[in-house]
Amino acid sequence: MGRYALRRLMQLVPTLFGVIVITFILFNVVGGSPAALTLGKNVSPRMLEDFDEARGFNKPLFLGFWTRTRAYASDRTAPFPPAWRHLPGVAPTNDPAGVSVMRVTGSDPVEVPILFPLRPNTRYRWKVDCSGSSGAIGEWVGDSGSVTQQFSMVAAGLRTLGFQTGSGGGSGRLVIHPKGGTVELRRLTLERRMPNPFDSQFAFFLNRLARLDFGTSIATGQPVLEMLREGIGPSLVLVIPIFVVELILAVVLALVCAYFRNTSIDRFFVVVSVVLMSVNYLVWIVAGQYVLAYKLKWFPMWGFESWRYLVLPWIIGTFSGLGGSLRFYRTVMLDEMYRDYVRTAFAKGLGLRTVLFSHVLKNAMIPIVTNVVMAIPFLYTGSLLLESFFGIPGLGYLSVNALNSLDVDVVRAVVVIGTVLYILANLASDLCYALVDPRVRFE
């Protein structure tokens with residue numbers, strides 16, 4: 001068994017790595033900039049850059065020496081920042097192919113706007129895709145105020161201009177000289193060089209996971225791991241009693257249905273299970289709060305001060321999920337009742353109770369164990385609706401608040417930990433099969 005468990009753990013490594021990669025893509029690639037989503041688009045570019053710096057979003061995605069900086073455009077993907085529209089002699093237009101360009105005309109030079117000072121002692125580069133009339137040039141004016149580099153902007157194409165900032169930071173500037181003609185800019189980007197090509201967002205993400213550092217909540221300023229520790233207790237206190245009581249009731253009632261199969265008792269519980277499954281979970285919560293807590297005053301409506309505040313959520317959580325569990329376990333029990341070994345047991349003269357508890361229940365343990373073990377990882381996140389409606393400060397309540405406030409680090413931590421627990425639950429369910437069924441062998 002130990003060798004089998006070790007082999008399965010080794011097989012889980014590539015699976016876990018694949019899950020980490022998918023999680024990384026979902027949070028770092030899909031959906032746009034986490035900084036803009038969390039802080040909004042009206043904050044300063046420097047605040048967006050600081051957010052990215054603290055969370056590693058201002059690095060190359062997987063590999064590379066160069067990464068874009070918000071010092072030129074607050075949106076890293078934008079070809080031109082909004083500040084261009086307010087510069088004299090500059091106007092947006094379209095080229096013959098319909099591509100948006102920025103046209104610089106006149107005799108006066110135009111200085112490319114920088115949104116905040118560049119890092120000291122750091123190498124940068126401008127990438128300029130442009131074309132211009134005769135004599136048009138671009139210049140890089142260094143920290144001292146003198147022109148250190150100059151390039152022609154006449155011929156169409158992409159040009160790269162690299163420079164190094166001094167110890168005092170980046171006070172240099174890029175200046176465009178139309179020379180009385182026109183310069184059309186198709187794209188202009190400012191990139192920062194990384195110390196090594198492996199200093200990427202993915203490496204930053206893996207390094208944090210290895211140290212169990214899930215970052216800092218943007219909403220509360222607390223370390224995410226500390227918030228998870230505070231929330232796991234209330235969540236488990238809420239969901240474990242619901243889980244255990246619902247499991248016992250469902251299995252017992254399923255055995256009752258098998259004992260009285262094809263009778264009015266069996267049909268009654270089938271109807272009850274269908275009704276319980278048909279009523280929406282939210283309806284149970286709202287009706288329970290209104291009738292039992294608000295009207296009858298039997299239970300508190302909101303809070304987490306003592307066990308009395310948990311009784312109503314326990315009742316609602318248990319009975320709202322009982323219908324599906326009862327229907328599943330009843331099907332499992334009845335499926336076992338029509339197998340050959342049950343007919344043999346009855347032929348030997350064994351009583352119905354003995355057959356149910358010594359044979360049917362024992363042989364039905366594999367689907368029961370599978371269902372139970374695979375449900376355990378979801379206990380970690382608590383109950384989103386119950387915690388939100390009853391004010392229980394668990395991980396479900398924390399997750400809902402994080403989603404509403406776009407708290408990226410908290411949401412990502414909940415997803416990653418929940419995924420790891422689900423993978424480990426798969427291994428645990430396989431190991432449990434041998435404990436409940438001696439016919440299972442590890443090979």
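Two strands are said to pair if DSSP finds at least two bridges between them. Helices (H or I, at least four residues) and strands (E, at least two) are DSSP runs, numbered from the N terminus. The model is a predicted one, in which local features need pLDDT of at least 70 and side-chain atom pairs count only at pLDDT 80 or more, while totals for chains, interfaces and linings use all residues. Residues are numbered from 1 along each chain as its sequence is written, and side-chain values use heavy atoms, with hydrogens and water left out.

**Overall form**

The protein has 14 helices and 10 strands. Its radius of gyration is 32 Å, whereas a compact globule of 443 residues would have a value near 22 Å. That radius is taken over C-alpha atoms, and the globule rule is 2.2 Å times the number of residues to the power 0.38. Along the principal axes, the C-alpha atoms fill a box of roughly 105 × 60 × 45 Å.

The accessible surface comes to about 22,500 Å², and 63% of this belongs to carbon and sulfur atoms. Such areas come from the Shrake-Rupley method with a 1.4 Å probe; for residues, only the protein chains shown count as cover. Of the 443 residues, 43% count as buried. Buried means under 20% relative accessible area, exposed over 50%, and partly exposed in between (1.4 Å probe, protein chains only). Among contacts (heavy atoms within 4.5 Å) with a separation of 6 or more, 73% are made by residues 24 or more positions apart.

**Strands**

Strands of a sheet pair through backbone hydrogen bonds, either parallel or antiparallel. An open sheet is formed by 4 strands in the order β4-β9-β6-β7, with antiparallel pairing. At its edges stand β4 (110–111) and β7 (147–152), each with a single partner strand, so one side of each is left without a neighbour in the sheet. Within this sheet, β6 (residues 137–141) and β9 (residues 173–177) are joined antiparallel over 5 bridges. Ile 137 stands opposite His 177 in β9.

Strand β10 (residues 182–193) pairs antiparallel with β1 (residues 66–68). It is also joined in the antiparallel sense to β3 (residues 100–105) and to β5 (residues 123–132). The table gives the bridges of each pairing and one facing pair of residues.

| Strand pairing with β10 | Bridges | Residues standing opposite |
|---|---|---|
| β1 | 3 bridges | Trp 66 and Arg 193 |
| β3 | 4 bridges | Val 104 and Val 183 |
| β5 | 9 bridges | Tyr 124 and Arg 192 |

**Aromatic rings**

A pair of aromatic rings is described by the distance of the centres and the angle of the planes. Rings of Phe, Tyr and Trp (its six-membered ring) pair if their centres lie within 6.5 Å; planes under 30 degrees apart count as stacked, over 60 as edge-to-face and the rest as tilted. The whole structure holds 12 aromatic pairs. Phe 24 belongs to helix α1 (residues 2–28) and Phe 62 to the loop between α3 (45–55) and β1, so the pair ties together parts that are 38 residues apart in sequence. Phe 24 is buried, at 0% relative accessible area, while Phe 62 is partly exposed at 39%.

Tyr 259 and Phe 260 also form an edge-to-face pair, with 4.7 Å between centres and 75 degrees between planes. Tyr 259 is partly exposed at 27%, and Phe 260 is partly exposed at 31%.

A charge sits over a ring if NZ of Lys or CZ of Arg is within 6 Å of the ring centre and within 35 degrees of the ring normal. Arg 55 lies over the face of Phe 51, 4.1 Å from the ring centre. Arg 193 lies over the face of Phe 65, at 4.2 Å from the ring centre.

**Single residues**

Is Ser 273 buried or exposed? Ser 273 has a relative accessible area of 1% and is therefore buried. This residue lies in helix α6 (residues 264–278). Apart from neighbours within four places in sequence, Ser 273 is in contact with Gly 323, Leu 326 and Arg 327.

Lys 179 is not a glycine, yet has a positive phi of about 60 degrees. Lys 179 is placed in the loop between β9 and β10 and is exposed, at 51% relative accessibility.
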